[in-house]
Amino acid sequence: MIYIPLENNPPNQGWLDRADAVTQQLINAPDVSTRNTIIDANQSLWGELKQHLCNLNHRKCWYSESINDGAHCHVDHFRPKKKVLYEDDNTDQGGYWWLAFDWMNYRYSGPAPNVRKKDYFHVNARKAMNYGDSLENEDIRFLDPIKLSDPKKLSFDSSGEVRSINSNTTTRDYIQVKYTIRRRNLNDEGLIEGRKTKYRDASTIIQAVSKLTQLQNITHDTAREIKIDEAKKRLHEMASRHSEYSAAVKFCLKSSGYDWALDIAIDAA
């Protein structure tokens with residue numbers, strides 16, 4: 001997961017006007033059944049934004065960073081539109097119907113993260129129940145890729161698994177990360193294998209550069225300098241936003257202990 005600047009990339013005004021009109025219908029609807037009928041009748045509206053959302057992260061799922069070409073990817077309603085379930089109580093907590101056509105509630109998701117999530121959306125405190133209630137006051141349990149600080153709560157290693165960077169199991173961040181990993185299926189076998197390959201490839205290149213640099217510090221060699229530069233460019237490419245599992249590569253670079261590797265991770269942001 002990496003930060004996605006969704007708020008800086010709105011749909012066109014025509015789409016916004018149509019979405020606002022449908023939302024007004026929902027606000028005026030007399031009951032839940034009528035609202036659900038309106039949502040179902042207009043679901044093609046959010047489907048129109050799938051390619052737009054896909055392009056914002058270079059075809060990558062916003063949660064897993066995997067490229068799902070050929071798969072049936074989804075426009076995920078981050079806050080579920082019809083009903084909300086908590087893990088410890090499958091009673092409907094009340095969906096966010098007024099956000100069904102709010103583009104800021106959309107996330108681009110591969111099948112693995114979205115199918116497992118379904119209608120689950122745990123709110124620790126101050127859940128918004130009605131149109132007009134403040135979403136900003138909600139204490140939610142999911143990590144959100146459009147929140148700048150949330151992707152930084154994840155850590156990676158050569159095993160390919162994603163974990164909490166905070167090892168204290170009693171902290172809010174740890175609980176939030178564990179919930180997100182489980183409910184988003186972020187340690188799916190295929191995702192683990194993809195991250196493991198990228199992390200280990202990056203680690204191998206880092207160690208090769210380190211050895212070459214040590215030799216270069218003893219005796220400068222032009223051919224060796226070219227090899228070092230090519231290897232660093234490869235790491236920069238692997239850590240760039242358009243590359244699959246770039247967060248794992250950046251974590252590998254930052255964890256290496258080399259200043260030059262940290263510079264690459266920063267430059268590739």
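## Side-chain contacts in a predicted model

Start with the cysteines: the disulfide count here is zero, where a disulfide means a pair of cysteine sulfur atoms within 2.5 Å. Before going on, a word on what you are looking at: this is a predicted model, in which local features need pLDDT of at least 70 and side-chain atom pairs count only at pLDDT 80 or more, while totals for chains, interfaces and linings use all residues. Numbering runs from 1 along each chain as its sequence is written, and side-chain values use heavy atoms, with hydrogens and water left out.

Cys73 is in no disulfide either, since its nearest cysteine sulfur, in Cys54, sits 7.0 Å away. Both residues are tucked inside: Cys61 is buried at 0% relative accessible area, and Cys73 is buried at 3%. (Buried means under 20% relative accessible area, exposed over 50%, and partly exposed in between, with a 1.4 Å probe and protein chains only.)

Now for the charges. The model has 16 salt bridges, each one a side-chain nitrogen of Lys or Arg within 4 Å of a carboxyl oxygen of Asp or Glu. Take Arg79 and Glu138, whose side chains meet at 2.8 Å, N to O. This pair links distant parts of the chain, 59 residues apart: Arg79 is in the loop between β1 (74-77) and β2 (106-109), and Glu138 is in the loop between β3 (123-125) and β4 (139-140). (Helices, H or I and at least four residues, and strands, E and at least two, are DSSP runs numbered from the N terminus.) Arg79 counts as buried at 10% relative accessibility, and Glu138 is buried too, at 9%.

Glu87 and Arg183 form another salt bridge, with their closest N and O atoms 3.0 Å apart. Here the loop between β1 and β2, which holds Glu87, is linked to helix α6 (residues 172-183), which holds Arg183, across 96 residues. Glu87 is partly exposed at 32%, whereas Arg183 is buried at 13%. Arg183 also lies over the face of Tyr120, 3.7 Å from the ring centre. (A charge sits over a ring if NZ of Lys or CZ of Arg is within 6 Å of the ring centre and within 35 degrees of the ring normal.) Arg184 does something along those lines with Tyr63, lying over its face at 3.8 Å from the ring centre. Arg184 is also linked with Asp76 and Lys117 in a network of salt bridges.

On to the rings. The whole structure has 12 aromatic pairs; rings of Phe, Tyr and Trp (its six-membered ring) pair if their centres lie within 6.5 Å, and planes under 30 degrees apart count as stacked, over 60 as edge-to-face and the rest as tilted. Phe78 and Phe121 have ring centres 5.3 Å apart and planes at 80°, so they are edge-to-face. Because Phe78 is in the loop between β1 and β2 and Phe121 in the loop between α5 (111-117) and β3, the pair ties together parts 43 residues apart in sequence. Phe121 also pairs edge-to-face with Tyr96, at 5.8 Å centre to centre and 80° between the planes. Tyr96 is buried at 0%, and Phe121 counts as buried at 0% as well. Phe78 is buried too. Ring pairs join these residues into a cluster whose members include Trp97, Trp98 and Tyr179.
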